[in-house]
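Subject: Structure handover and notes

Dear colleague,

Please find below the structure that I promised to pass on to you.

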Amino acid sequence: MSLKILLSGAKGRMGQAICSIAGEHGCEITHPVDLGDDPSELIAGCDLVIDFSLRDATRPLAELAAEHGKPMVIGTTGHEADDREAIEKTTSRIAMVWAGNFSTGVNLLFYLTQQAARVLDTRSGFDPEVIEMHHRLKKDAPSGTADRLLEILKDSRKLGEEDVSHGRSGMVGERKDDEIGSHALRGGDVVGEHTVMFAGIGERIELTHRATDRIIFAAGALKAAKWAVNQEPGLYSMQDVLGLQA
Ligand code: NAD
C-alpha cells in the first residue's frame, strides 16, 4: 500500500519534483498544500508530512505533525536558531528526518569530510574552506548543505560560529589557523555545487559534489519518508537513512 503524504510547498520547484516521482517510490501525495492552504484540516488523513516550503512555515507544521503523531521529513533550509530548537523539541513525539540535503552523493560528501577533517586537523597545517554555488533564485546563504559542512569542520576542530569567516571583504588581515572560510556564489540555474577545500603548503585537497538535477533531492526525501514511518520518535539525518555514520 502506498504511503499517504501531506506535502507542504507542493507548488514549488522541489514540491513539483517530489510529485512527479512519488508513485515510483511507493508514495502518493494525497494532500498537496502550499501558501494559503490550511494543513490542520488535512493532516489527520496522511501517514507522513514532507516539508519543502519556506523557513517560517516549518515550525507550525512540525508542531501540528507532533500533535497528530505524524512522522515528518524536512527539506526546507535557512531556519533561525529559535525555530530550529522548537522544531527539534517535537522529535520527542515523532520520528523526523531533517536534512539540508537529501542526495546520496552529498551525504557521502559529509562522511568523507568527517574522515578528512579527522586527519587534516588544526595541527596539520591545512586550512579548510567551504565554497557553494546555487541558482540566482535561492533566498538563503550559505546553503543548508554548506552549513552542515561548516558544522562538521567546526565540530572536528572544536571551533565555534565566531571562527567562520563568511565571504571575506576589505582589510581582514592574514588567515588565522583556527578559521574556516565560507563562500556563497549565486547565479544562473545551478542546482547545487559544494566544495570542501583543505589548503596546505604545497598541496591542496578538494572534495566536490555537483548536483545537475533536483530530482536527486526528491528521490532522497521519498526514501527518507519510507524509512521514517518505521522509526521510533527522534531526530534523524539522511546519513542515518543511508547507514553512513562516521
Ligand atoms: P520554491 O520557492 O520553488 O518553493 C517553495 C514553495 O513553498 C512555493 O510554492 C511557496 O508558495 C511555498 N510556500 C511558501 N510559504 C508557504 C507556507 N507558509 N506553507 C506552504 N507552502 C508555502 O523553493 P524550492 O526550490 O522548492 O525549495 C524549497 C525549500 O527546500 C528551500 O528552503 C530550499 O533551500 C530547500 N531545498 C532543500 C533541499 C534538500 O535536499 N534538503 C534541496 C533543494 C531545496
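How many bridges join β9 to β10, and do these strands run parallel or antiparallel? Eight bridges join β9 to β10, and the two strands run antiparallel; strands, like helices, are numbered from the N terminus and are DSSP runs, where a helix is H or I with at least four residues and a strand is E with at least two.

Before going further, please keep in mind that this is a predicted model, in which local features need pLDDT of at least 70 and side-chain atom pairs count only at pLDDT 80 or more, while totals for chains, interfaces and linings use all residues. Residues are numbered from 1 along each chain as its sequence is written, and side-chain values use heavy atoms, with hydrogens and water left out.

The sheet with β9 and β10

Strands of a sheet pair through backbone hydrogen bonds, either parallel or antiparallel. Here five strands form an open sheet with mixed pairing, in the order β7-β8-β6-β9-β10, and two strands are taken to pair if DSSP finds at least two bridges between them. β7 (164–166) and β10 (204–211) each have a single partner strand, so they stand at the edges with one side left without a neighbour in the sheet. From one strand to the next, the twist averages 15 degrees; such angles run from 0 to 180 degrees between N-to-C directions, and axes are lines fitted to C-alpha atoms, for helices over the stretch in contact.

β9 is mostly covered, since six of its eight residues are buried, where buried means under 20% relative accessible area, exposed over 50% and partly exposed in between, with a 1.4 Å probe and protein chains only. T195 lies in β9 and counts as buried because its relative accessibility is 12%. Leaving aside residues up to four places away in sequence, T195 touches E129, V130, I131, E206, L207 and T208, contact meaning heavy atoms within 4.5 Å.

Two helices side by side

Two packed helices are described by the angle between their axes and the distance between the axes. Helix α4 (residues 104–119) and helix α5 (residues 144–157) pack at an angle of about 20 degrees, and their axes are 9 Å apart. That makes α4 roughly parallel to α5, given that angles under 35 degrees count as roughly parallel, over 145 as roughly antiparallel, 65 to 115 as roughly perpendicular and the rest as oblique. In their contact, V106, L109, F110, T113, Q114, A117 and R118 of α4 meet T145, R148, L149, I152, L153 and S156 of α5.

Five bridges join β1 (residues 3–8) to β2, and the two run parallel; K4 stands opposite E28 in β2, and L6 stands opposite H31 in β2. Five of the six residues of β1 are buried, so β1 is largely enclosed by the rest of the structure.

N101 sits in the loop between β5 and α4, and it counts as buried because its relative accessibility is 5%. Not counting residues up to four places away in sequence, N101 touches V106, N107, T145, F217 and M238.

With best wishes
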